[in-house]
Amino acid sequence: GYLYIPCRLTEAQEKASSDILRAYKSGKNVLVYAVCGAGKTELVYKVIEYTLQKGGKVGFAIPRRDVVIELAKRLTGAFKNYKVTSVYGGNTNLLIGDIICLTTHQLFRYPHYFDLLILDEIDAFPYKNNFVLKNIFIRSVKGNYVLMSATPSDEEIEEYQKDGNSLVTLFKRHHGKPIPVPKIMVSFRFVLLILLVIKGRKYLQENLPFLIFVGSIGDCETLYKFLKNLLKPGYFVHSKCKERKKIIDDFRDGKYKFLVTTAVLERGVTLKNLQVIVFDSDSNLYEKSTLIQIAGRVGRTKDAPSGEVIFMGKRKTKDMVAAIKEIERCNSML
């Protein structure tokens with residue numbers, strides 16, 4: 001009898017999952033480098049089950065609270081016989097459970113506590129380059145940890161392997177199809193706005209949902225004001241929107257066909273047939289890893305494994321080119 005509902009893993013996922021468990025059993029920490037859409041969460045189910053059977057305490061930390069809520073639902077469904085607790089700012093009444101899903105900020109409550117601590121999205125704000133949070137993370141580990149990322153830097157990989165830890169890679173999405181390779185459109189701003197409307201109308205005609213990413217909250221609202229009478233039905237969403245969850249749910253349900261958004265939707269969204277445009281992709285805000293994450297929103301489902309990703313900017317940047325190179329490199333390993 002399983003302690004959790006086993007999910008169907010592909011051969012590549014099965015191998016990665018066993019490698020993680022083997023490393024953990026031999027007292028090693030693990031870095032999981034898996035492309036966007038590879039099914040990272042499912043890869044750690046085996047090691048979670050093993051730790052729970054041994055009576056150990058499991059933590060699953062993520063930088064952003066939206067993703068904590070989403071993840072706790074998934075783990076509750078998978079580990080039916082166990083108590084899954086969510087802990088994030090504004091939700092700290094219940095701090096104990098068999099599996100504790102929490103934001104990285106909340107780890108300060110658990111010094112030397114977790115036998116297994118999993119940290120997903122190590123490259124996401126606010127965890128990335130934050131030494132205080134890194135120290136809090138290390139301090140809360142009693143046993144070993146598993147780090148997960150779709151875009152670890154070469155330095156991180158190198159530094160990690162030096163310490164005798166274990167690196168597990170998975171360059172195959174769960175459906176086995178390649179990650180869509182972004183296209184670049186470079187022109188003057190007013191030309192890009194016209195191209196954006198033309199593309200948007202094409203997607204609406206073909207009934208394809210799409211996201212338009214912009215760099216700031218101000219740009220998000222300004223661009224939506226410009227588009228709202230030209231493309232319908234759509235809306236905007238950013239971290240300061242009170243109704244953020246409702247807007248995203250309405251988009252998932254098809255009430256809106258597109259959203260203008262900031263980095264708040266850079267992760268954690270899986271939607272069939274989704275298309276993505278990064279507007280002003282030449283802005284300094286868009287590092288290689290951010291662009292890869294955004295591109296990773298597209299083609300995530302088995303029945304719609306492809307789609308379009310467009311980087312629109314006034315010039316081509318080295319980050320745009322590097323993101324495309326990295327995606328092509330991961331695809332070449334399929």
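Asp280 counts as buried, at 13% relative accessibility (buried means under 20% relative accessible area, exposed over 50%, partly exposed in between, with a 1.4 Å probe and protein chains only). Its side chain meets that of Arg189 in a salt bridge, 2.9 Å from N to O (a side-chain nitrogen of Lys or Arg within 4 Å of a carboxyl oxygen of Asp or Glu). This is a predicted model: local features need pLDDT of at least 70, side-chain atom pairs count only at pLDDT 80 or more, and totals for chains, interfaces and linings use all residues. Residues are numbered from 1 along each chain as its sequence is written, and side-chain values use heavy atoms, with hydrogens and water left out.

**Salt bridges**

- The structure holds 17 salt bridges.
- Arg189 lies in helix 7 (residues 189-205) and Asp280 in the loop between strand 12 (275-279) and helix 10 (288-295), so this pair ties together parts 91 residues apart in sequence. Helices (H or I, at least four residues) and strands (E, at least two) are DSSP runs, numbered from the N terminus.
- Arg189 is partly exposed, with a relative accessible area of 37%.
- Lys40 and Asp120 also meet through their side chains, at 3.9 Å from N to O. Lys40 sits in helix 2 (residues 40-43) and Asp120 in strand 5, so the pair links parts that are 80 residues apart in sequence.
- Lys40 is buried at 16% relative accessible area, and Asp120 is buried at 9%.
- Lys245 forms a salt bridge with Asp249, with the closest N and O atoms 2.8 Å apart. The two are four residues apart in helix 9 (residues 244-252), so about one helical turn separates them.
- Asp249 is partly exposed, at 25% relative accessibility.

- Seven strands form an open sheet in the order 3-4-2-5-6-1-7, with parallel pairing (two strands pair if DSSP finds at least two bridges between them).
- Strand 3 (84-87) and strand 7 (166-170) stand at the edges, each with a single partner strand, so one side of each has no neighbour in the sheet.
- Strand 1 (residues 30-34) pairs with strand 6 (residues 141-149) in the parallel sense over four bridges. Val30 has Val146 in strand 6 as its bridge partner.

**Helices on the sheet**

- Helix 3 (residues 45-53) packs on the sheet, touching strand 2 (58-62), strand 4 (99-103) and strand 5 (114-120) (contact means heavy atoms within 4.5 Å).
- Helix 4 (residues 65-78) also packs on the sheet, touching strand 2, strand 3 and strand 4.

Technical notes: Axes fitted to C-alpha atoms, helices over the stretch in contact; angles between N-to-C directions.
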